Amino acid sequence: LDGGAGRGDTAGMGGNVKGDVTFNSDLSYKLVVGEGGSKNRGGGAGKGGTGGGSDGPGGGGFTGLFKTSVTQANAILIAGGGGAAAQGDHRPGNDGGGLNGGGWQGTAGTQTGSNAGWSESIAGKGSELQGGNAVDMTNDGGGGGGGYWGGGAGRGDSNMSPGPFGGGGGSGYIQSDNTVAKVENSSWGNVTNTGGGKASFKVVT
């Protein structure tokens with residue numbers, strides 16, 4: 001699975017995860033393929049954070065496999081979405097996870113939560129499966145990437161000193177105790193995806 005990348009020439013790339021999953025024929029499963037971030041819109045599928053205002057850059061969405069419904073408790077595998085670059089590519093966005101996303105000042109999504117790197121009046125924090133939304137300012141920060149915990153948005157600024165920051169990357173997830181599904185041979189891959197999310201499967205009977 002590859003998460004979606006954020007918007008911008010210097011946006012964070014989507015994370016990568018793979019594993020062998022044993023499916024139960026009596027259950028249903030949900031696959032979410034994250035979209036790449038776009039102008040004032042996060043990766044809608046995969047819940048990347050929105051950009052600020054009408055032209056702020058949005059974060060990329062996560063790509064994830066879930067049992068029955070799309071909730072954090074039902075997650076099996078998740079590749080985090082990349083954070084968007086700041087408006088005008090003033091500062092880069094951060095890559096999605098992996099175990100943790102990348103991020104400025106604590107904006108990365110982790111396995112246990114997500115923070116606002118700055119006051120939430122200038123940058124929204126990430127939450128469960130959701131990247132943080134940027135705040136509409138003269139110079140908009142980038143939206144956070146979606147993930148197991150979404151990355152926080154980058155701060156905006158009324159001027160260019162210091163100017164806006166890119167969004168944090170969302171974290172990935174590997175279900176490890178076999179309570180939701182049996183996952184074997186799992187690993188984090190190289191972070192290389194610069195577009196929308198991707199998912200590929202090989203069925204073994």
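The structure is a predicted model, so local features were considered only at pLDDT of at least 70 and side-chain atom pairs only at pLDDT 80 or more, while totals for chains, interfaces and linings use all residues. Residues are numbered from 1 along each chain as its sequence is written, and side-chain values rest on heavy atoms, with hydrogens and water left out.

Helices (H or I, at least four residues) and strands (E, at least two) are DSSP runs, numbered from the N terminus. Four strands make an open sheet in the order S2-S3-S4-S5, with antiparallel pairing; two strands count as paired if DSSP finds at least two bridges between them. S2 and S5 (173-174) are the edge strands, each pairing on one side only. Within the sheet, S3 and S4 run antiparallel and are joined by four bridges. Leucine 65 stands opposite leucine 77, a residue of S4. In general, strands of a sheet pair through backbone hydrogen bonds, either parallel or antiparallel.

The largest nonpolar core holds eleven residues, including Leu1, Val17, Val21, Leu65, Ile76, Leu77 and Ile174. Such a core is a set of buried Ala, Val, Leu, Ile, Met, Phe, Trp, Tyr and Cys residues joined through side-chain atoms within 4.5 Å. Buried means under 20% relative accessible area, exposed over 50%, and partly exposed in between (1.4 Å probe, protein chains only). Strands S1 (17-22) and S4 (75-79) each supply at least two residues of this core, and the largest share, three residues, comes from S4. Apart from it lies another core of nine residues, among them Val32, Phe62, Phe66 and Tyr148.

Leucine 77, in strand S4, counts as buried because its relative accessible area is 4%. Contacts are heavy atoms within 4.5 Å. Not counting residues up to four places away in sequence, leucine 77 touches Leu1, Val17, Lys18, Gly19, Val21, Thr63, Gly64, Leu65, Tyr173, Ile174 and Val183.

On the surface, Phe23, Leu31, Val33 and Phe201 form a nonpolar patch with about 360 Å² of accessible area together. Patches are made of residues with over 30% relative accessible area and no salt bridge, where like charges are joined within 9 Å and nonpolar side chains (Val, Leu, Ile, Met, Phe, Trp, Tyr) within 5 Å. The areas come from the Shrake-Rupley method with a 1.4 Å probe; for residues, only the protein chains shown count as cover. Valine 33 sits in the loop between S2 (29-32) and S3 (63-67), and its 31% relative accessibility makes valine 33 partly exposed.

Turning to charged side chains, the whole structure contains two salt bridges, each defined as a side-chain nitrogen of Lys or Arg within 4 Å of a carboxyl oxygen of Asp or Glu. One joins aspartate 157 and arginine 155, at 3.2 Å from N to O. Both partners are buried: aspartate 157 has 6% relative accessibility and arginine 155 has 17%. The other links glutamate 184 to lysine 182, with the closest N and O atoms 3.9 Å apart. Here glutamate 184 is partly exposed at 38%, as is lysine 182 at 41%.

Cis peptide bonds join glycine 97 to glycine 98, with omega of about 20°, and serine 161 to proline 162, with omega of about 10°. Glycine 98 lies in the loop between S4 and S5, and proline 162 is found in the loop between S4 and S5 as well. Threonine 68, though not a glycine, has a positive phi of about 70°; this residue belongs to the loop between S3 and S4 and is partly exposed at 39%. Asparagine 185, likewise not a glycine, has a positive phi of about 50°. Asparagine 185 falls in strand S6 (residues 182-188) and counts as exposed because its relative accessibility is 64%.
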